[in-house]
Amino acid sequence: MDLFGKSKQAWLQTLRALPHGIPSHDPVGRVFARLHPQRFQACCMAWTQAVAQCPPGALLSLDGKTVQASLARATAASPLPMVSAWCAENGGLVLGQVKTDTTSNEMTALPELLPRLALKGCLVTIDAMGCQTAIAHQIRDQEGDYLFALNSNHTKAYKAIKPYFHTHIEHQGAWRTRENCSAAFDDEHGRLGRRRVWTMTDGAALPALATWPALRTVMVVETMRTAHAGAPTTSHYRVSIASLIRSAATFMVMIRQHWHSEHTLHWSLDVTCNDDRCRIRKDHAAENMARCGISPCICSAKSTPSP
């Protein structure tokens, strides 16, 4: 910020007088330490929403990130965890953020973050940590749809899906229609990969999923990878559930789009903004810095440079 201020001093002086020049990093740090986090977030959100709007029917990815360098050994303060709602449409936009209790995880922050979002007509994607029926009910109550990754921590549902899929779906040629099955190949990062997605919409065949509100589709994703020529091929199956019906190819895109929050938002914070190496941690400084980090992410995701 100190370097940015000095390089943009002529432009900043058109906004306000700077008789003593650009403040150094110490007073900037003191200001961020004293700002009220929730009020500062409201200002950030008002600014980002003025820059870009999330279109109706967009996909919202909810994911968490820990600011690693905010650990304070002197006070035994844990690194700061934040949960963000990321919309990848129109270059990317953070719609809301909530600080997670350091003794808890994302599940406690999601019920607080969701009411701040306008979910009507939108699809909310969450990884396995937030895959809970209470979260699904909350999204449906706000007139949104959900797409969750389902892991083995949901023992009954997971154990019901995997045998049914391997027995009745995977090897049945009649099931491999354009709507129910899709495959794609890629060679990203020097690896050879193949992904196949199967969709199942017969809820009566899986009574273990009856507690999920408005559940309409179960997806099984098979990922096969070969790290390099001559390396063994590995295969992995993942399960997702959704409250809407789409083709297998569409769900494949949606599932991969969820990870834009990692590849775009979190990557920009770490690489462009050096978020994980920021040692600011006094009072509210770490939380406020994490919140204002969304601004460079939006500017870097768009082609228009900042002033």
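Visitor: How many salt bridges does a search of the whole structure find?

Guide: Five salt bridges turn up when the whole structure is searched. Keep in mind that this is a predicted model.

Visitor: How should I read one of them? What do the side chains of D2 and K6 do?

Guide: The general idea is to look for a side-chain nitrogen of Lys or Arg within 4 Å of a carboxyl oxygen of Asp or Glu. Here, D2 and K6 join their side chains in a salt bridge, at 3.6 Å from N to O.

Visitor: Where do D2 and K6 lie?

Guide: Both belong to helix α1, residues 2-7. They are four residues apart, about one turn of the helix.

Visitor: Is K6 buried or exposed?

Guide: Exposed means over 50% relative accessible area. K6 has 52% relative accessibility, so K6 counts as exposed.

Visitor: Which residue does D145 meet in a salt bridge?

Guide: D145 pairs with R140, with 2.8 Å from N to O. R140 counts as partly exposed because its relative accessibility is 31%.

Visitor: And which parts of the chain does the pair of R196 and E222 link?

Guide: Start with the contact: the R196 and E222 side chains form a salt bridge of 2.7 Å, N to O. This pair connects distant parts of the chain, 26 residues apart, with R196 in strand β7 (residues 192-200) and E222 in strand β8 (residues 217-226).

Visitor: Why does R196 count as buried?

Guide: Buried means under 20% relative accessible area. R196 is at 13% relative accessibility, so R196 counts as buried.

Methods
Residues are numbered from 1 along each chain as its sequence is written. This is a predicted model: local features need pLDDT of at least 70, side-chain atom pairs count only at pLDDT 80 or more; totals for chains, interfaces and linings use all residues. Side-chain values use heavy atoms; hydrogens and water are left out. Helices (H or I, at least four residues) and strands (E, at least two) are DSSP runs, numbered from the N terminus. Buried means under 20% relative accessible area, exposed over 50%, partly exposed in between (1.4 Å probe, protein chains only).
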